Amino acid sequence: MDYQTGFFYLFAAVLLFAGYRVITARNPVHAVLYLMLAFSQASALWLLLKAEFLGITLVLVYLGAVMVLFLFVVMMLDINVDSVRQGFWKHFPLAALLGAFVAAELIAVLWAGFPTVSGSPDAAGVGVNAANYSNTRELGVLLYTEYLYPIEVAAVILLVAMIAAIALTLRQRKDSKAINPSLQVHVRASDRLVVVPMGATQKAVPAAVESVSAEEGKKP
């Protein structure tokens, strides 16, 4: 077994462990951290497969932006873990059945798409890449030629989802406090300060007490 195979098994084992801990961790913050670990191991597997662009994109987009945002959102939310975990074992059989069905579909697709081959790479139909071969360039040419319309459709769907999210969060609430800038500009000093006349609040001091305090002040 060469070193690449050893690294593959190492990254795959850590990825499986991190994915298991994502769904079993009791603390939501820990679950997000395990998900970040899973993404980092998946990026390492992409690098082993010589798909550098996908690996770097996974690190920059998901680890550098999306997962950090998820982490801050989870830390700011007050999540009641006990209420979320209610009914877990009740729905576990159905969830396990659906998971086994999805796993069977993935195995069937991978088995048909990547059949077991033996021999040299040329016999398997995989040619040796040239020295000036660029995985990023080939991926860009493929995306913006053959898959141009699907990318545009996905971009429109993401734009509609972003506009819908903004529209749903910009509703008027009773507990929200808003300030009208036009009222701030046209405000006057008389509107901000009102002088209210008030009577004396200090009680009168008796004359005997004043004389005693004066005598005490004259003493050396």
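Here is the tour, starting with a few ground rules.

This is a predicted model, with local features needing pLDDT of at least 70 and side-chain atom pairs counted only at pLDDT 80 or more, while totals for chains, interfaces and linings use all residues. Numbering runs from 1 along each chain as its sequence is written, and side-chain values use heavy atoms, leaving out hydrogens and water.

**Stop 1: helix α2.** Select 28–48, which is α2 (helices are DSSP runs of H or I, at least four residues, numbered from the N terminus). With 21 residues, α2 reaches 31 Å from first C-alpha to last, close to the expected 30 Å (1.5 Å times one less than the number of residues). Now colour its buried residues, among them A31, Q41 and L45 (buried is under 20% relative accessible area, exposed over 50%, partly exposed in between, with a 1.4 Å probe and protein chains only). These buried residues of α2 pack against α1 (3–24) and α3.

**Stop 2: the core.** Pick V32, M36, L63, M67, L71 and V74, the largest nonpolar core (buried Ala, Val, Leu, Ile, Met, Phe, Trp, Tyr and Cys residues joined through side-chain atoms within 4.5 Å). Helices α2 and α3 (52–76) each supply at least two of its residues, and α3 gives the most, with 4. Zoom in on M36: leaving aside residues up to four places away in sequence, M36 touches L63 and M67 (contact is heavy atoms within 4.5 Å).

**Stop 3: V61.** Finish on V61, in helix α3.
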